[in-house]
Amino acid sequence: MSDRVQIEITDGVADVRLDRPDKMNALDGAMFAAIAEAGETVANDPTIRAVVLSGAGRAFCSGLDFSSFQAMAGDGPRPSTDAPSAGDRPDGRITHLGQQVAHTWQEVPVPVIAAVHGVALGGGCQIALGADIRIIAPDARMSVLEIKWGLIPDMTGTWMLPRLVGLDVAKELTFTGRMVEGAEAVELGLATRVADDPYAAAHDLAREIAGKSPEAVRAAKRLLNASGTVPVAEQYAAERDEIGRLIGSPNQVEAVMAGFEKRDPSFT
């Protein structure tokens, strides 16, 4: 694992932290690669039941490294987040590397909770949008900042943003690049709720989720992620398939018994 992203696992909760604090966790080539690798690592660990995604230092993620913008404006080599292009990937992924650092959190089969403090700007905002839940500090600022640099949100933002805030609000935020602070971010749908200490609140929630039946939590994420992207009949059929696998399974029986016996469940 790269030293740009740290992962610690405790009692089924993976603490994934962007760790480039001197640059406010800005995104350069090494950071893109490290985040994508971290997502794949936690996705493939069956012991993980929830993930907290945060940034070290003063910010969640300040977006693309400023040196990349300097390269765009000058004659130097242009920054690339393609490795390789999506259509050429042997693993069949629909993303290139720049998109994967946001989309990877949707591929993680367990809930991912982003703890947002300081700023989440441009690419950093899109990485936060890739999480399932976002807990934000009251004074934290989020922005779809790309328009400031003559760009568009190209790290899955044009897909995730309208799903979360609605098409008209997504257009307003994208066309203006304006800053949105904690309470308004929740009001618009950019964030889930405000907390004075979003990191601690995210871990509290992650531990709560980790205490639920892992098969049920994973099934719920699969179904909710598919909602609105497949025909209704297909969604209903998927519900039937998932519930059929859950009913009578060892962890489902354990959940029922623990409830009746008024004790904490012990899931496998």
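These legends describe close-up views of a predicted model.

View 1. Six strands form an open sheet with mixed pairing, in the order β1-β2-β3-β4-β6-β9. The edges are β1 (residues 5-10) and β9 (residues 193-194). Each of these two has a single partner strand, so one side of each is left without a neighbour in the sheet. Helix α1 (residues 29-43) packs on the sheet and touches β1, β2 (residues 13-18) and β3 (residues 50-55). The direction of α1 makes about 20 degrees with that of β1.

**View 2. The β1-β2 hairpin.** Strands β1 and β2 are paired in the antiparallel sense over six bridges. Within this pair, I7 stands opposite V16 in β2. Two residues lie between the strands of the hairpin, and D11 takes a positive phi near 50 degrees there. D11 is not a glycine, although its phi is positive. The residue belongs to the loop between β1 and β2, and D11 counts as exposed because its relative accessibility is 74%, where exposed means over 50%.

**View 3. Strand β2 and its pairing with β3.** Of the six residues of β2, five are buried, so the strand is largely enclosed by the rest of the structure. On the β3 side, six bridges join β2 to β3, and the two strands run parallel. D15 stands opposite V52 in β3. In a regular strand, side chains alternate between the two faces of the sheet.

View 4. N25 is located in the loop between β2 and α1. Its phi is positive, at about 60 degrees, although N25 is not a glycine. N25 has a relative accessible area of 0% and is therefore buried, the cut-off being under 20%. D11, which also has a positive phi without being a glycine, counts as exposed at 74% relative accessibility.

View 5. Strand β4 (residues 112-116) runs parallel to strand β6 (residues 133-136), and four bridges join them. Two of the facing pairs can be picked out here: I113 stands opposite I133 in β6, and A114 stands opposite R134 in β6. Strand β6 is also joined to β9 by two bridges, and these strands run parallel. In that pairing I136 stands opposite V194 in β9. β9 is an edge strand of the sheet, with a single partner strand.

**View 6. F60 in the loop between β3 and α2.** F60 is found in the loop that lies between β3 and α2 (residues 66-73). With a relative accessible area of 0%, F60 is buried. F60 and Q6 are 54 residues apart along the chain, and their C-alpha atoms are separated by 14 Å.

**View 7. The cysteines C61 and C125.** Which cysteine sulfur is closest to that of C61? The closest is in C125, at 10.0 Å, which is too far for a bond because a disulfide requires sulfur atoms within 2.5 Å. C125 is likewise in no disulfide, and its nearest cysteine sulfur is that of C61. A search of the whole structure finds zero disulfides. Are these two residues buried or exposed? C61 counts as buried at 0% relative accessibility, and C125 counts as buried at 1%.

View 8. Helix α11 (residues 250-261) has twelve residues. From its first C-alpha to its last it reaches 16 Å, close to the 16 Å expected at 1.5 Å a residue. The buried residues of α11 are N251, E254 and A258. They cover an arc of only 50 degrees around the axis, which puts them on the same side of α11. These buried residues pack against α9 (residues 214-226). Just after α11, K262 takes a positive phi of about 50 degrees.

Note on methods
Residues are numbered from 1 along each chain as its sequence is written. This is a predicted model: local features need pLDDT of at least 70, side-chain atom pairs count only at pLDDT 80 or more; totals for chains, interfaces and linings use all residues. Side-chain values use heavy atoms; hydrogens and water are left out. Two strands pair if DSSP finds at least two bridges between them. Contact means heavy atoms within 4.5 Å. Axes are lines fitted to C-alpha atoms, for helices over the stretch in contact, and angles run from 0 to 180 degrees between N-to-C directions. The expected span of a helix is 1.5 Å times one less than its number of residues. Buried means under 20% relative accessible area, exposed over 50%, partly exposed in between (1.4 Å probe, protein chains only). The arc is that of the directions from the helix axis to the C-beta atoms.
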